[in-house]
Amino acid sequence: MSPITTHVLDTSLGRPASGVTVILEKGGGGGWHTVGRGITDLDGRCKTLMNMKGKNGKALKKGTYRLTFGVASYFKRSGQTAFYPSVSVVFSARDSRHHHVPLLLSPWGYSTYRGS
């Protein structure tokens, strides 16, 4: 499993949001650098953003990360009109432990938290 994972749930329909594109970036050097990407599975999970030890075989480094969820196409496929075409979540990894960042989603809002 990736050291950073996510789970997207569509709270308006009460089900996982499958097929959502997810991009993982690490901040540094004055910008953002892509370190992983994936698509949520049928359970709304994205477990393979990075390989087990992180990009290029290195352990997860402390720092600031950004998950960007491309939700516009998900909402279109599910027949919903949405206010947010994408959602970006920026968080700090202060240690090399597993970081799980769920996204609770509806057409008019979203919420996130540090999961386990």
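Analyst: A search of the whole structure finds three salt bridges, a salt bridge being a side-chain nitrogen of Lys or Arg within 4 Å of a carboxyl oxygen of Asp or Glu. The model is a predicted one, in which local features need pLDDT of at least 70 and side-chain atom pairs count only at pLDDT 80 or more, while totals for chains, interfaces and linings use all residues. Residues are numbered from 1 along each chain as its sequence is written, and side-chain values use heavy atoms, with hydrogens and water left out.

One of the salt bridges joins the side chains of E25 and R66, with 2.9 Å from N to O. This pair links distant parts of the chain, since E25 belongs to strand 3 and R66 to strand 6, 41 residues apart. Helices (H or I, at least four residues) and strands (E, at least two) are DSSP runs, numbered from the N terminus. E25 counts as buried because its relative accessibility is 12%; buried means under 20% relative accessible area, exposed means over 50%, and partly exposed lies in between (1.4 Å probe, protein chains only).

G28 stands opposite G31 in strand 4. Strands 3 and 4 form a hairpin with two residues between them, and G29 in the turn has a positive phi of about 60°. In a regular strand the side chains alternate between the two faces of the sheet.

A further salt bridge brings together the side chains of D43 and R45, at 2.9 Å from N to O. D43 is partly exposed, as its relative accessibility is 38%, and R45, at 29%, is likewise partly exposed.

T40 lies in the loop between strand 4 (31-39) and strand 5 (45-46). With a relative accessible area of 4%, T40 is buried. Its side chain makes polar contacts, that is, pairs of N or O atoms within 3.5 Å; within protein, one atom must be able to donate a hydrogen and the other to accept it, and residues adjacent in sequence count only if both atoms are side-chain atoms. The side chain of T40 reaches the backbone oxygen of A17 at 2.7 Å, and a polar atom of that side chain lies 2.8 Å from the backbone nitrogen of V20.

S18, G19 and V20 are also touched by R77, again not counting residues up to four places away in sequence. The side chain of R77 reaches the backbone oxygen of S18 at 3.1 Å. R77 is located in helix 1 (residues 72-77) and counts as exposed, because its relative accessibility is 51%.

The remaining salt bridge is between the side chains of R97 and D95, at 3.1 Å from N to O. R97 has a relative accessibility of 52% and therefore counts as exposed, whereas D95, at 23%, is partly exposed.

Methods: Contact means heavy atoms within 4.5 Å. Two strands pair if DSSP finds at least two bridges between them.
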